[in-house]
Amino acid sequence: LLRLAADHVPAIEMLAFIPFASTSGILAGLRLSPPAQRNYSTSNDAYEYQELDQLPQISRQLDQADHIKVDWPALARKLILALDEYPEVACYPLNNSSRATGIIVAATGAPLPQQSRRILESIASALATVISRSILRLENQRIVARDQQFLHDLGLMFRAADVLKWSWIVNTGEVTTDDQEIMLKVWGGLNITRASEVIERIAPSERLRIISRLDETVTSGAIFDEQFPVVLDDKSQRIFRTLALQDPLAPPDAQRIIGVTFDVTDRLSISERLQETEIYYRKLFDLMPDGIALCDFDPNIAEYRLSRINMALLRILGLPLASDLTGQRVCEIFPLCVLREIEKAVTLLPTVLNPAVSVVEMPALGDTTRFVRIEVTQVYRDNDHRVMFVRGFDIDAEKREEQQRALLADLQERANIELRRAATLKDEFLAS
């Protein structure tokens, strides 16, 4: 375009593009060599590139201006001091909707005839279009590069997690993936190419449900998020989770479902084992003959809440065995004397050899005719997270047990005395 402008309007000595804040904010121009010295065999001889001043503040002001009301030649002379050398300056705004994203400036050494002005206007308009398209193309390239980098990173994460990306052409039933290695790894060495191959390997008990859910995704666009058992060719059973949806970019005549599939068997096994272990210890806790409870500190209210209590302690305290006290504040259950012992236990530092137990005796909550002993020990502390271990003992029952043990010991001692007396009489009889 510059060569074309120089051929038809030899008087042009400078072409400049002034972008506004919506682009780079940098003023750059092309200063042409004098017409007599131009050699178009090499572009460097034809013109010289010059980077002009950077005026971001003015550019920001121009970005807010209505391009129709702007005196472009005066503005160009203000921005590019070198234009003072030229008596004639023609400007053509680079329009984008209702705003100008920049201006094309053509400077000449003498006034131009009308025909040359029309030629120059057409060439400048074409140049403005080229620049506008170039800016758009560069922006699209940046977006594409960013998207490609994102997809690359996403692919690496999927590969690291053994997540299979796939697409399914509904009309043909064809299944494809861009990572055959993960396909073989997830499906136990099988290269899935058809949707029917997946359906055949779903456990019969879940097959109809999964087919129904896939139909919903195909017909209504509902997101598919299911986990289901599959039987691999080696007869092993695995649990797969699949997330899928309609591809919005697919043409109407080639409906496509895209999704990811990954193996969750090991995760579910760990979760099931944890649940089984939790159930086991909960039952063990509930059935222990000793009365015990756990209290957690709630920093939101700066008080302790009962997190667990077993049936033995409910019985010792005289409370109904069906009582659900989990989550209640300790101050709503125990009297003030127990709360004091809890606060005292907070200041103690228990060790293996010294459990630092704080003890208090109190009437049973549901039967004031009996007395119980409460022992409080701090078993865990980390910043605001504190856990108290509470044990309860029936004092009357202990006394009865002590009396019974004393009675049994007394009876045993009397029996031993009678046995020794009988042995003595026997010896005396044999001696006589």
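The model is predicted, with local features requiring pLDDT of at least 70 and side-chain atom pairs pLDDT 80 or more, while totals for chains, interfaces and linings use all residues. Numbering starts from 1 along each chain as its sequence is written, and side-chain values use heavy atoms, leaving out hydrogens and water.

**First sheet.** Select β7, β6, β10, β9 and β8, which in that order form an open antiparallel sheet of five strands. Strands here are DSSP runs (E, at least two residues), helices likewise (H or I, at least four), numbered from the N terminus; two strands pair if DSSP finds at least two bridges between them. The edges are β7 (174-176) and β8 (224-231), each pairing on one side only. Neighbouring strands are turned by 30° against each other on average, direction ignored.

Go next to β6 (residues 164-169) and β10 (residues 256-263), an antiparallel pair with six bridges; L164 has T261 as its bridge partner in β10. Three bridges join β6 to β7, and W168 is bridged to V175.

Contact means heavy atoms within 4.5 Å; axes are lines fitted to C-alpha atoms, for helices over the stretch in contact, with angles from 0 to 180 degrees between N-to-C directions.

**Aromatic pair.** Show W187 and F240: they are edge-to-face, 5.0 Å centre to centre, with 85° between the planes. Rings of Phe, Tyr and Trp (its six-membered ring) pair with centres within 6.5 Å; planes under 30 degrees apart are stacked, over 60 edge-to-face, the rest tilted. W187 lies in the loop between α6 (180-186) and α7 (195-201) and F240 in β9, so the pair ties together parts 53 residues apart in sequence.

Six bridges link β11 (residues 291-298) and β12, and D298 stands opposite E303.

**Helix α9.** Finish on Y281, located in α9 (residues 265-287).
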